[in-house]
Amino acid sequence: MKDLKVRDVMSADPTTLKRNDKLTLADDIMRLGRIRHLPVVDDDGHVLVGIVSQRDLFRDALAQALGYGKHAQRKILDTLSVKEVMTSDVVTTSPDTPLIGAARLLTERKIGCLPVVDNGRLVGILTEGDFVALVARRGN
């Protein structure tokens, strides 16, 4: 396992959002795809500009809708764009980073994912789930 690199475990070509997408789109993608983190890319679709997590949706959008029904919550999500809740100071890694280093970074920073950037372009994402899948595969 010590020879593994991020590229060996990451999910390539992750689903992404753009800054001006509505939070309803982010919410739908996360629910349907069972995804907890969505990288946000520039208008050309390649350069990472932020990240939106389920936690961001709950904290910044749903918190405003407390006491309202699902219809009201969706209405609020539809009034906000991704850029209003995304984290722009994103911790990233490269495909050639040793996996153990990426694991330490996730643990030390207490974050659930690392977007993988190569030559300024988003090429993948490494999540806690990728580590669980690795252990499950190696257990056989």
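Tutor: A nonpolar core is a set of buried Ala, Val, Leu, Ile, Met, Phe, Trp, Tyr and Cys residues joined through side-chain atoms within 4.5 Å. Buried means under 20% relative accessible area, exposed over 50%, and partly exposed in between (1.4 Å probe, protein chains only). The model here is predicted: local features need pLDDT of at least 70, side-chain atom pairs count only at pLDDT 80 or more, and totals for chains, interfaces and linings use all residues. Residues are numbered from 1 along each chain as its sequence is written, and side-chain values use heavy atoms, without hydrogens and water.

Student: Which residues of the largest nonpolar core touch the most other members?

Tutor: In soluble globular proteins, nonpolar side chains tend to be buried together. In this model the largest core has 15 residues, and L17, L23, V40, V52, L57 and V82 touch the most other members. At least two residues come from each of α2 (23-33), β3, β4 and α4 (70-79); helix α2 gives the most, with three. Another core, of 13 residues, lies apart from this one and includes L4, L99, L106 and F131.

Student: In what order do the strands of the open sheet lie?

Tutor: Two strands pair if DSSP finds at least two bridges between them. Here three strands form an open sheet with mixed pairing, in the order β2-β3-β4. Strands β2 (17-18) and β4 (48-53) are the edges, each pairing on one side only. Between β3 (residues 37-41) and β4 the pairing is antiparallel, over five bridges, and V40 stands opposite G50 in β4.

Student: With which residues is V40 in contact, leaving aside its neighbours within four places in sequence?

Tutor: Contact means heavy atoms within 4.5 Å. With those neighbours set aside, the partners of V40 include L17, V47, G50, V52, V82 and M86. For the protein chain as a whole, 59% of the contacts with a separation of 6 or more are between residues 24 or more positions apart.

Student: How many salt bridges does the structure hold?

Tutor: Side chains of opposite charge can pair when their charged atoms come close. The criterion for a salt bridge is a side-chain nitrogen of Lys or Arg within 4 Å of a carboxyl oxygen of Asp or Glu. The structure holds three.

In one, the side chains of D96 and R7 meet at 2.8 Å, N to O. This pair links distant parts of the chain, 89 residues apart: D96 is in the loop between α4 and α5 (99-109), and R7 is in helix α1 (residues 6-9). Both are partly exposed, D96 at 47% relative accessibility and R7 at 43%.

Student: Are R31 and D27 buried or exposed?

Tutor: Their side chains also form a salt bridge (3.0 Å, N to O). Because R31 and D27 are four residues apart in helix α2, about one helical turn separates them. R31 is exposed, at 53%, whereas D27 is buried, at 10%.

Student: Where do E128 and R36 lie?

Tutor: The closest N and O atoms of this salt bridge are 2.7 Å apart. E128 lies in helix α6 (residues 128-138) and R36 in the loop between α2 and β3, so the pair ties together parts that are 92 residues apart in sequence. E128 is partly exposed at 37%, and R36 is partly exposed at 43%.
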